[in-house]
Amino acid sequence: MKRFATGAGRRASLFSTAVAVAAVITVFGGATASASDTAGNRAMATVTVATLPIANALPMDLGIKKGFFSAQGIEINKRTLQSGNDVVLALANKNGDIGYLGFVPMMIARTQGIALTTVAASEVEGTSEADNWQNILVKGSSSIRTPADLAGKTIAVNALKGVGEVMIKAALKKRGVSPDSVRLTALPFPSMRSALNNGQVDAIWTPEPFLSQVLSDGGRTVMAPGPVLGKFWPIGGYAALNDWTRQNPGLAEKFRKAINQSLSYAQAHPEEIRELLPAATRNVRLPIWSPLVDRDKLTQLAKYTKEFGVISTLPNLTLMVPSSVTGGKNLQGTVGNGFITLRLDGKPVTTLRPGKYTFVVADTSKTRNFKLVGPGVSKSTSVKGTGRSTWTITLKKGTYVFSSSGRPVLKRTLRVR
């Protein structure tokens with residue numbers, strides 16, 4: 001345990017954002033099932049979940065409120081901690097059954113002898129600078145305009161040798177900029193805004209709600225590392241010790257069903273998630289919640305994590321994310337007044353293999369919708385409404401059509417084989 005605490009203490013995970021966000025976000029919603037949920041049901045099983053005080057973790061709170069966990073015979077005992085490292089240590093010390101944390105701290109834990117296994121997925125990053133909730137920002141008056149302009153500049157991250165360093169260096173490398181050309185300095189997230197405005201640093205890598213605060217100051221986004229590495233880049237989920245999942249396979253499965261239902265509901269009802277946040281932070285950018293794990297992107301994340309020195313050996317990802325956690329891809333659908341598209345990793349897609357997929361659909365038209373019809377599937381967005389819709393569905397062999405109402409007719413074919 002000491003080895004993880006001292007080694008990983010230098011490697012703050014993505015979800016160590018909780019240390020900073022805790023100062024500005026108060027999580028509302030029930031921590032445990034209500035008495036009415038459990039009355040008359042003496043078979044309820046209590047699951048202690050170590051979680052973090054950030055908006056990304058709110059689907060569990062909403063799921064508790066909606067009764068998704070009690071319907072599975074589970075009462076949640078929620079313990080709010082302050083970092084991904086705290087969650088790992090709590091699980092290792094048997095001070096929790098399941099923990100909410102990022103894939104990077106899971107990798108660190110596994111390579112240091114703490115056998116964590118994923119119980120369920122949670123969220124992914126966005127597709128561009130515009131919809132991502134965690135970017136590299138500069139002052140509005142800065143001469144830095146492109147990722148190449150970051151060479152020789154100082155970027156604040158929440159910790160060195162952590163996921164911020166991994167993401168930034170990997171994204172710079174992909175953009176043709178030497179990862180060693182930037183200087184990284186560690187600052188707490190709440191301190192970054194003033195450090196940027198005072199000229200102490202040239203740029204900052206920060207999540208919500210600090211991202212929105214800097215943009216409100218007139219700041220600009222220079223790069224969104226996650227979307228540079230891949231659309232819907234994997235972030236993290238819920239994990240437990242191997243021993244716990246072996247001893248409680250049925251309970252782990254019920255938790256997965258309840259949290260997956262919570263993720264899907266939260267994605268479809270963002271206004272109910274925002275109601276759980278303080279009024280001052282309700283306009284922050286929310287992540288995309290998906291119960292699927294893109295194993296190819298996760299493998300690449302592990303390679304980046306090793307390449308940039310956060311871990312010394314690659315973890316066994318088959319054990320870290322077992323087959324009980326559904327693998328799949330996230331597809332990007334878009335419909336506007338005169339176009340409709342469906343993309344995988346940014347490229348138009350016309351054929352897919354059978355399996356699970358999460359469709360993230362951006363409907364930007366008030367006169368059109370995005371409709372998907374095929375074997376076992378009939379989904380559509382509102383014709384008059386706009387916004388983002390998310391559907392996690394199983395595609396079977398056959399022909400699917402995604403189309404839009406209105407004139408001219410917009411129609412495309414998707415073959416699954």
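## Around threonine 381 and beyond

Let's start with a side-chain pair: threonine 381 and aspartate 363 make a polar contact through their side chains, at 2.7 Å. Keep in mind that this is a predicted model. A polar atom of the threonine 381 side chain also lies 2.9 Å from the backbone nitrogen of phenylalanine 370.

Where does threonine 381 sit in the chain? You'll find threonine 381 in the loop between β18 (377-380) and β19. Its relative accessible area is 9%, which is under 20%, so threonine 381 counts as buried. Leaving out residues up to four places away in sequence, threonine 381 touches Val361, Asp363, Asn369, Phe370, Ser389 and Trp391.

Now compare that with another threonine. Threonine 413 belongs to strand β21 (residues 410-416). With a relative accessible area of 32%, threonine 413 is partly exposed. Its contacts, apart from neighbours within four places in sequence, are Thr350, Thr399, Tyr400 and Phe402. Threonine 413 and leucine 372 are 41 residues apart in sequence, and their C-alpha atoms are 9.8 Å apart in space.

On to the strands. An open sheet with mixed pairing is built from five of them, in the order β14-β13-β12-β16-β19. β14 (347-348) and β19 (387-395) are at the edges with a single partner strand each, so one side of each has no neighbour in the sheet. Within this sheet, threonine 334 has threonine 341 in β13 as its bridge partner.

Elsewhere, alanine 45 has isoleucine 74 in β2 as its bridge partner. Between β1 and β2 the chain passes through helix α4 (residues 58-66), and this β-α-β crossover is right-handed. Here are two strand pairs side by side:

| Strand | Partner strand | Direction | Bridges |
|---|---|---|---|
| β1 (residues 45-51) | β2 (residues 74-80) | parallel | seven bridges |
| β12 (residues 329-335) | β13 (residues 340-344) | antiparallel | five bridges |

In general, strands of a sheet pair through backbone hydrogen bonds, either parallel or antiparallel.

How far can you trust the picture? The chain has a mean pLDDT of 88, and 90% of its residues reach 70 or more. Which helix has the lowest confidence, and which strand the highest? Helix α3 (residues 35-38) is lowest, at a mean of 38, while strand β9 (residues 220-223) is highest, at 98. Over residues 5-41, pLDDT stays under 50, and the model has 112 contacts beyond four places in sequence for that stretch.

Notes: Residues are numbered from 1 along each chain as its sequence is written. This is a predicted model: local features need pLDDT of at least 70, side-chain atom pairs count only at pLDDT 80 or more; totals for chains, interfaces and linings use all residues. Side-chain values use heavy atoms; hydrogens and water are left out. Two strands pair if DSSP finds at least two bridges between them. Helices (H or I, at least four residues) and strands (E, at least two) are DSSP runs, numbered from the N terminus. pLDDT is the predictor's confidence in each residue, from 0 to 100. Contact means heavy atoms within 4.5 Å. Buried means under 20% relative accessible area, exposed over 50%, partly exposed in between (1.4 Å probe, protein chains only). A polar contact is a pair of N or O atoms within 3.5 Å; within protein, one must be able to donate a hydrogen and the other to accept it, and residues adjacent in sequence count only if both atoms are side-chain atoms. A crossover is right-handed if, with the strands pointing away from the viewer, the path from the first strand over the helix to the second runs clockwise.
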